[in-house]
Amino acid sequence: MNAKPRIRVRADGSIPKGQAYFGPAGGNYGLGGRAYDAGRYDVRGLHDWWPTINHPDGEVLLSRDKITARARDLDRNHPIISGAIDRREEMVVGPNIRLEAQPDFEALGKTADWADEWATGVEARFRVWGRDHRHLNDVERHSTFGMQVATAYRHWWVDGEACAAIYDLKRGSSYSTSVKLIDPDRLSNPNGLGNGMRLAGNGNRCIGGVEIDENGAPVAYWIRVRHPADVTPDGDNFRWERILAENPTTGRPRFVHAYKRNRAEQRRNVSRMVASLRKTRMFDQYDDAELEAAMFNAVNAGWVESPYPTKDVGEAMAPPGDGDHHRWSLEGQIEYRRERPVHLKGLRVFHGLPGEKFNIVNAARPSPHYPDFQASGLRSIASQFGLSYPQLANKWDAINYSSGRLLMNEIWRGLLHDRWIFTQLYCTPIYAAWLEEDVALGNTKVPGGPRAFYRLASALCMCEWKGPGRGKVDPLKEASAADLDQASGRTNLSVLADEQGQDSRQILLGMVRDKKRREKLGLPDPIYDRANALDVLDSTLRREDAAEHQREQDSGEAQK
């Protein structure tokens with residue numbers, strides 16, 4: 001019987017050369033140590049790097065409160081971070097997000113004309129509900145639907161998640177559907193229940209306030225009646241309300257919990273700024289240190305080192321009053337100068353001891369490398385926010401048309417990605433709840449009658465949400481290119497309007513109104529010759545491209 005080979009294994013799991021294990025098939029195993037250098041810890045840069053593998057809920061919930069508090073502190077007190085969050089809110093959702101209903105008419109066995117007519121009426125009624133001047137769409141009667149979405153998006157970015165409860169309140173409106181924003185801090189396990197423990201009664205597990213069934217699907221949410229930091233004497237601070245995720249009979253949404261899932265089986269999320277918090281804080285402290293050093297050097301202009309008595313110097317620079325009689329010992333001089341510092345036109349001057357000299361402080365602040373260091377920090381922050389460095393720093397002097405368009409295209413792709421995920425998770429469930437009521441009231445007709453809504457809800461509730469447009473860097477050039485594409489059939493008015501944050505239907509209605517006004521006032525319509533317009537647009541674009549190329553060449557030569 002053959003003896004088993006004895007192999008010496010290092011602490012890092014590698015095997016010394018010459019000690020190979022020959023398996024049953026004669027294969028040579030274990031030579032060369034670990035297959036990946038990234039798995040070693042005996043190399044420079046990796047020896048003190050010991051991250052752990054954890055469940056996604058454990059990663060989030062253990063640090064969630066501290067990360068959220070720090071992110072909110074930066075939002076309140078850091079001007080650049082606060083401005084960056086404002087920019088994202090303005091660009092992704094804006095103050096007036098717009099519904100574009102897109103029922104899958106092919107799945108419903110209908111035509112495109114039916115879908116357009118159906119969507120037009122639904123969008124109009126949803127717009128009236130969302131912009132109610134009494135704000136009956138809001139449980140707290142504070143905001144329009146667009147304003148609620150903007151606030152929810154700030155929670156989505158700063159806190160990592162957004163929550164809302166959908167109520168049915170009869171308050172004199174045509175609709176009873178109302179939405180209440182919920183602070184994510186209130187979403188927590190009831191009565192100190194540990195994460196993952198089962199609830200008495202139904203056996204469901206509760207993780208971070210999210211009650212899930214045996215399949216991991218959320219069935220209810222536990223909302224603290226008051227915020228944990230709300231120390232009111234009525235005792236509601238230690239009560240929880242259980243809100244079902246949806247109506248168990250109809251499936252109508254009752255609670256919205258929107259968060260971006262980074263890993264499978266993740267139930268909560270942390271601030272989207274988490275990766276940059278540490279560096280942002282350090283850059284902030286560096287800025288404060290530079291500012292304080294510059295102010296210190298500017299205020300403290302110099303000090304005096306003199307062989308003459310302090311009295312003579314003091315009388316020359318800051319004569320004492322008539323009642324000043326002081327014994328000019330060393331201790332007396334120090335006490336005197338401490339009580340009566342010398343000033344030069346508002347600047348503080350240090351007065352030295354006899355025999356010393358007068359020197360001027362070199363106010364070399366900020367450091368000559370400070371602008372480059374600050375730019376490096378801002379680029380790091382801009383990358384976290386999905387914005388460009390010029391946007392974050394409001395520094396546009398080095399941007400030309402080509403680079404501006406390139407930056408906008410790259411940034412806009414990420415913003416549209418974020419808009420799609422957020423609106424589908426937060427806005428669409430609210431729209432589905434409202435649409436169910438609209439169908440029940442008889443305002444919206446669905447194939448097969450109102451009872452068929454629940455069977456066809458997936459096809460009927462399909463929609464997109466339109467926010468602010470991308471904007472224009474060079475309006476003349478971009479408008480000319482858009483007209484050329486539209487005339488050539490490569491795009492249409494709806495696509496062009498979406499890029500600028502406008503509603504194509506409203507544009508066409510405005511054109512009809514303008515035409516009627518011109519006829520009423522006896523004004524001619526603008527003459528538009530498509531064939532001639534194509535030639536004009538082509539020549540205009542050629543001239544603009546040649547001019548831009550010449551400007552870039554001149555700029556390059558000037559830099560050389």
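**Close-up views of a predicted model**

**View 1. Strand S3 beside strand S15.** Glu100 stands opposite Glu464 in S15, and the two strands, S3 (residues 98-101) and S15 (residues 463-466), run antiparallel and are joined by four bridges; two strands count as paired if DSSP finds at least two bridges between them. This is a predicted model, in which local features need pLDDT of at least 70 and side-chain atom pairs count only at pLDDT 80 or more, while totals for chains, interfaces and linings use all residues. Residues are numbered from 1 along each chain as its sequence is written, and side-chain values use heavy atoms, with hydrogens and water left out. Arg98 and Glu100 point one way from S3, whereas Leu99 and Ala101 point the other way, and all of these residues are buried (buried means under 20% relative accessible area, exposed over 50%, and partly exposed in between, with a 1.4 Å probe and protein chains only). The protein chain holds 15 helices and 15 strands, where helices (H or I, at least four residues) and strands (E, at least two) are DSSP runs numbered from the N terminus. Of its 560 residues, 39% count as buried.

View 2. Tyr431 is buried, with a relative accessible area of 0%. Ring pairs link Phe126, Trp129, Phe145, Tyr175, Tyr431, Trp434 and Trp465 into a cluster.

**View 3. Helix H11 against H3 and H10.** In helix H11 (residues 453-460), the buried residues are Phe453, Leu456, Ala457, Ala459 and Leu460. These buried residues pack against H3 and H10, with contact taken to mean heavy atoms within 4.5 Å. In the protein chain, residues 24 or more positions apart account for 64% of the contacts with a separation of 6 or more.

**View 4. Two arginines over aromatic rings.** Arg88 lies over the face of Trp157, at 4.1 Å from the ring centre, and Arg379 lies over the face of Tyr389, at 4.4 Å from the ring centre. A charge sits over a ring if NZ of Lys or CZ of Arg is within 6 Å of the ring centre and within 35 degrees of the ring normal.

View 5. Thr280 lies in helix H5 (residues 277-299) and is buried, with a relative accessible area of 1%. Residues up to four places away in sequence not being counted, Thr280 touches Leu74, His78, Ile81 and Ile381. The structure holds two cavities of 30 Å³ or more, a cavity being a set of points, on a 1 Å grid over the protein atoms alone, where a 1.4 Å probe fits but cannot get out. The largest cavity has a volume of about 90 Å³; grid points are joined across faces, edges and corners, and a volume is the space filled by probe spheres set on the points. Thr280 is among the residues that line the largest cavity, together with His78, Ile80, Phe283, Asp284, Tyr286, Asp287, Phe373, Gln374, Gly377, Leu378 and Ile381 (lining residues have an atom within 4 Å of a point). The elements that give two or more residues to this lining are H5 and helix H8 (370-385).

View 6. Most residues other than glycine have a negative phi. His135, although not a glycine, has a positive phi of about 60°; His135 is found in the loop between H3 and H4 and, at 18% relative accessibility, counts as buried. Glu265 likewise has a positive phi, near 65°, and its place is in the loop between strand S10 (255-259) and H5. At 46% relative accessibility, Glu265 counts as partly exposed.

Methods: Rings of Phe, Tyr and Trp (its six-membered ring) pair if their centres lie within 6.5 Å; planes under 30 degrees apart count as stacked, over 60 as edge-to-face and the rest as tilted. On a 1 Å grid over the protein atoms alone, a cavity is a set of points where a 1.4 Å probe fits but cannot get out, and a pocket is an open set with protein on both sides within 12 Å along at least five of seven lines; lining residues have an atom within 4 Å of a point.
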